[in-house]
Amino acid sequence: MPNMNMLQAINNALDIAMAEDEKVICFGEDVGFFGGVFRATSHLQEKYGRARCFNTPLVEQGIIGFANGLAAQGSVPVAEIQFADYIFPAFDQIVNETAKFRYRSGDLFNVGGLTIRAPYGGGISGGHYHSQSPEAYFAHTPGLKVVVPRNPYQAKGLLLSAIRDPDPVLFFEPKRLYRASTGEVPEADYQLPLGEAEVTREGSDITVLGWGAQMEEIERAVALAEKEGISCEVIDLRSILPWDEDTVVESVLKTGRLLITHEAPLTGGFAGEIAATIQERCFLYLESPIARVTGLDTPFPLTLEKEYLPDHLKIFEAIQASMAF
């Protein structure tokens, strides 16, 4: 089984999807001959031609409007937003058109073939226009699916599922893992289920939940906790919308404690939605308040990025506090 980094796994998934179905089209800013700013689409234009992998103008609203039109007519567009921070000019198209197209037409038309890829998150000293985590904005939008992989194996399997899913999918890629995260990835075609969390480590004292690049921080924090005799159950949510309530509930009923971590700011972050649901379903089983370890309620800072990010030490301290409550 070959070893790939996350970029190579994403490129491999796109290659497989384009080879299998001639209706799959990749486009976005600099994705053609240049292969994208991170090279995720390298060599796809050479292999499939300019009609199926091409550059767009620097206009995000236009990229998604164009993608909606293609998808409505039966194509399978994979649109790239160069950085997730740039997705906001396309917010109207995604929220008012992509998400509602099937509903407002009574399923006469739909844009379910659309996948929107976007590098997201911090950790690359990108400052406030290249580091944001906007997943919670879209989790508030019925009609979309929102997916975040944590490693190359997940990235390939989840992206192939997203491209083939009957609903439009926002696929946020943690860019600090693009080349940092490596692992064995099958060359063959495979899919991983959307909407299903994965328990990556079983434990009995506390459930620690995250997604994307935070999973590495969680593992480092859990390793410290284990040295103190704290048994942590770790869950990778993988899909933000829909999210796997039952897997999280089952875990919290066992451990009695829950810690949620994400890079996005605390207020309005998706951890709040998870916490509200879990306290409704697990209230009598909770041994301590549900903890959130997140980014700060400030614009994403350049020089203070390390202080802003919810790293393994902050997570470890929150685990200790939850256990001592």
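Trainee: How many aromatic pairs does the count come to?
Mentor: The count comes to 15 aromatic pairs. Keep in mind that this is a predicted model. One of the pairs is Phe91 with Phe138, which is tilted, at 5.3 Å centre to centre and 50° between the planes.
Trainee: Where do Phe91 and Phe138 sit in the chain?
Mentor: Phe91 is in helix H4 (residues 91-98) and Phe138 in helix H6 (residues 135-139), so the pair links distant parts of the chain, 47 residues apart.
Trainee: And is Phe138 buried or exposed?
Mentor: Phe138 is buried, with a relative accessible area of 0%, whereas Phe91 counts as partly exposed at 28%. Phe138 also forms a tilted pair with Phe172, 6.2 Å centre to centre with 45° between the planes. Phe172 belongs to strand E7 (residues 169-174), so this pair ties together parts that are 34 residues apart in sequence.
Trainee: Which residues do the ring pairs link into a cluster?
Mentor: Phe88, Phe91, Tyr120, Tyr137, Phe138 and Phe172.
Trainee: Switching topic: what order do the strands have in the open sheet of five?
Mentor: The order is E9-E11-E10-E13-E14, with mixed pairing. Strands E9 (198-201) and E14 (291-295) stand at the edges with a single partner strand each, so one side of each has no neighbour in the sheet. From one strand to the next, the twist averages 25°.
Trainee: Nice. What does helix H8 touch there?
Mentor: Helix H8 (residues 214-227) packs on the sheet and touches E9, E10, E11 and E13. Its direction makes about 175° with that of E11.

Methods
Residues are numbered from 1 along each chain as its sequence is written. This is a predicted model: local features need pLDDT of at least 70, side-chain atom pairs count only at pLDDT 80 or more; totals for chains, interfaces and linings use all residues. Side-chain values use heavy atoms; hydrogens and water are left out. Two strands pair if DSSP finds at least two bridges between them. Helices (H or I, at least four residues) and strands (E, at least two) are DSSP runs, numbered from the N terminus. Axes are lines fitted to C-alpha atoms, for helices over the stretch in contact, and angles run from 0 to 180 degrees between N-to-C directions. Contact means heavy atoms within 4.5 Å. Rings of Phe, Tyr and Trp (its six-membered ring) pair if their centres lie within 6.5 Å; planes under 30 degrees apart count as stacked, over 60 as edge-to-face and the rest as tilted. Buried means under 20% relative accessible area, exposed over 50%, partly exposed in between (1.4 Å probe, protein chains only).
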